[in-house]
Amino acid sequence: MSRREGLGEPDRGALSSEQEEKLRQFKIKTRIDNEKYLRSHPEIDKLMSGFLREVLLKRPPDIREFAAEHFNNDLCETLDLKSEEAVKLNQAK
């Protein structure tokens, strides 16, 4: 079963020209807002670069599980938690 099952071709006539223009403006505003946020938080680039490096080196079969483990471990290392504290933190989620 494909993850994209049920997603057909876009219905080009579903939106009026006014709705299409509002959608286009919304997409532009969202991209600008996202760019501003990323520029004000350069640590995101470092987090993503480290994650992508690990993905390409290890090529995990389950990317979602790997991502959850990767970022959870990074958080614990960043906070300098002992393993017992990290387990408690994971159980609290």
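# Reading salt bridges and aromatic pairs

Mentor: Let's start with a pair in helix 2. Glu54 and Lys58 are four residues apart there, so about one helical turn separates them. Keep in mind that this is a predicted model.

Trainee: How do I read a salt bridge, and what is the N to O distance between Glu54 and Lys58?

Mentor: Look for a side-chain nitrogen of Lys or Arg within 4 Å of a carboxyl oxygen of Asp or Glu. In this case, the closest N and O atoms of Glu54 and Lys58 are 3.0 Å apart, and the two form a salt bridge.

Trainee: Which other residue forms a salt bridge with Glu54?

Mentor: Arg53 does, with the closest N and O atoms 3.8 Å apart.

Trainee: Are Glu54 and Lys58 buried or exposed?

Mentor: Use the cut-offs: under 20% relative accessible area is buried, over 50% is exposed, and partly exposed lies in between. Glu54 is at 16%, so it counts as buried. Lys58 is at 54%, so it is exposed.

Trainee: Which residues does Glu54 contact, leaving aside neighbours within four places in sequence?

Mentor: With those neighbours left aside, Glu54 is in contact with Arg59, Phe66 and His70. Glu54 itself sits in helix 2, which covers residues 43-58.

Trainee: How many salt bridges are there by this rule?

Mentor: The count is six. One of them joins the side chains of Lys29 and Asp33, at 2.7 Å from N to O. These two are four residues apart in helix 1 (residues 17-40), so about one helical turn lies between them. Asp33 is partly exposed, at 34% relative accessibility.

Trainee: Now the rings. How many aromatic pairs are there?

Mentor: Two, by the rule used here. Phe51 and Phe66 make a tilted pair, 6.1 Å centre to centre, with 35 degrees between the planes. The pair links distant parts of the chain: Phe51 is in helix 2 and Phe66 in helix 3 (residues 63-78), 15 residues apart. Both Phe51 and Phe66 are buried.

Trainee: What is the centre-to-centre distance between Phe51 and Phe71?

Mentor: It is 5.0 Å, and the planes are 35 degrees apart, so the pair counts as tilted, between the 30 and 60 degree cut-offs. Phe51 lies in helix 2 and Phe71 in helix 3, so this pair ties together parts 20 residues apart in sequence.

Trainee: How accessible are Phe51 and Phe71?

Mentor: Phe51 has a relative accessible area of 9%, so it is buried. Phe71, at 31%, counts as partly exposed. Together, Phe51, Phe66 and Phe71 form one aromatic cluster.

Note on methods:
Residues numbered from 1 in each chain as written. Predicted model: local features only at pLDDT ≥ 70, side-chain atom pairs only at ≥ 80, totals over all residues. Heavy atoms only, no water. Buried < 20%, exposed > 50% of the residue type's maximum accessible area, 1.4 Å probe, protein only. Contact = heavy atoms within 4.5 Å. Phe/Tyr/Trp six-rings, centres within 6.5 Å; stacked < 30°, edge-to-face > 60°.
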